[in-house]
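Here are my notes for when you have the structure open.

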Amino acid sequence: MPMEFDFDEIIDRRGTGAMKWDKYAGRDVIPMWVAEMDFRAPPAVIVALEQRAQHGVFGYTDPPAELNEAIVAYLDRTYGWRIEPDWLLWLPGLVSGLNLMCRAIGEDGDDIVTATPVYHPFLSAPAHQRRTLTRVPMQVQGERWTWDLERLEESIAARSKLLLLCNPHNPVGRVFDREELTRLAQIAERHDLIVAADEIHCGLVLDEDKAHIPFATLGADVASRTITLMSASKIFNLPGLGCAFAIVSDPALRSRLLRAAAGIVPRVNLLGFVATLAAYRDSAQWHRALLTYLRGNRDLVLQRMRHISGVTVAPIEATYLAWIDIRRLAPADPVQFFEAAGIGLYDGRAFGTPGYVRLNFGCPRPLLAEALRRFAAALVRPPIA
Ligand SMILES: Cc1ncc(COP(=O)(O)O)c(C=O)c1O
């Protein structure tokens, strides 16, 4: 691996205001909770930011035309998805995008449907926008988490207007296949639902025999009812730069979103645009190296967890997140339990599913190995005196 992509390097993030690390300032706890990686951004991104900083004038900035063109080219090259530049709506983040969807679609008191577990802002956004939320628990078939389509269809009511889909899925790590997505699309069509497809993890597919399928590419009707949310932030590790985009092919839907955003959603900061352009256009080699590294980390997690009795890890097809079933151990407070052992995890309760923890393995392997050692040690019963 070239030195410029030394993912093994442990970069000290303490004292940089890093939320992930500051949570445990002054404590010997390895932070593996919030979904960001501890790697330096791709070299092309760093150079682009340095050059822009040298210019020294940081005025209000529109999305550069070359950025729109870079996204159009990236989606075509990666997914064979042909979009028009004017389908892109720039946003300061996906969470504001999710809230915006909930605000723009339907009226006060209408219903939004999603499946749990899921990334927690899916669960809070509807109420923020005076909508109700219907949660349909996912089902586990073998080891595989999947939508319970029958239950989903039964749960859809007259006031259901929006379906929130996370694919690839945080936290269960699934890359939904064409059949699963097509059946979801059929349900959306039958009940005339708009679909908000959060595809922020699309560039993090780890299984080499799987591929991300953008929901909107399933057909013309599907595209016209879909709002896709994407960002370079997870894939290229730029979450602090606040830059994301929605892809909306239907002009009426686009207008609704723009109206709902007016005066509330700020424009994207210019460094976010600069970094996003350098990521999609100039960082393919870094991205390939990252995926290779993350596959190694994933394999280490699975291999170590296999030897720990009482826990099981869902297959990790995508993302740098491991979804770990600890129901058989059932500590009263899983986060505190693992913090006491020196690892900071996310409680499954936040995602709507207690009895699980989420472990972020997007970090240098030596740190991961130490965290996994601590995880195992926490579960070894102390000898009886
Ligand atoms: C599925 C999903 N959507 C959105 C986000 C956050 O997006 P943003 O930082 O752009 O608000 C995350 C971060 O963990 C995520 O996993």
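1. How far does a backbone N or O atom of Val 95 lie from an oxygen atom of the ligand? The answer is 2.9 Å, and do bear in mind that this is a predicted model.

2. Asn 170 puts a polar side-chain atom 2.7 Å from a ligand oxygen, while a side-chain N or O atom of Asp 198 sits 2.5 Å from a ligand nitrogen. On its own the ligand would expose 400 Å², and the protein buries 87% of that.

3. If you're browsing the site, the residues around the ligand include Ala 35, Gly 93, Leu 94, Tyr 119, Cys 166, Ile 200, His 201 and Lys 234.

4. Now the sheet. It's open, with seven strands in the order E2-E10-E9-E8-E7-E3-E4 and mixed pairing. E2 (88-91) and E4 (132-137) are the edge strands, each pairing on one side only. Neighbouring strands are turned by 25° against each other on average, ignoring direction.

5. Asp 111, for instance, has Thr 132 in E4 as its bridge partner.

6. Helices pack on this sheet too. H3 (residues 65-79) touches E2, E9 (226-230) and E10 (244-247), its direction making about 115° with that of E2. H5 (residues 121-128) lies across E3, E4, E7 (160-166) and E8 (194-198), at about 155° to E4.

7. Last, H2 (residues 43-55): its 13 residues reach 19 Å from first C-alpha to last, close to the expected 18 Å. Gly 56 follows H2, with a positive phi near 85°.

Technical notes. Residues numbered from 1 in each chain as written. Predicted model: local features only at pLDDT ≥ 70, side-chain atom pairs only at ≥ 80, totals over all residues. Heavy atoms only, no water. Pairing = 2+ DSSP bridges. Helix = DSSP H or I, 4+ residues; strand = E, 2+ residues; numbered from the N terminus. Axes fitted to C-alpha atoms, helices over the stretch in contact; angles between N-to-C directions. Contact = heavy atoms within 4.5 Å. Expected span 1.5 Å × (residues − 1). Near = heavy atom within 4 Å. Polar contact = N/O pair within 3.5 Å; in protein donor to acceptor, adjacent residues only side chain to side chain. Areas by Shrake-Rupley, 256 points an atom, 1.4 Å probe, with all protein chains shown as cover.
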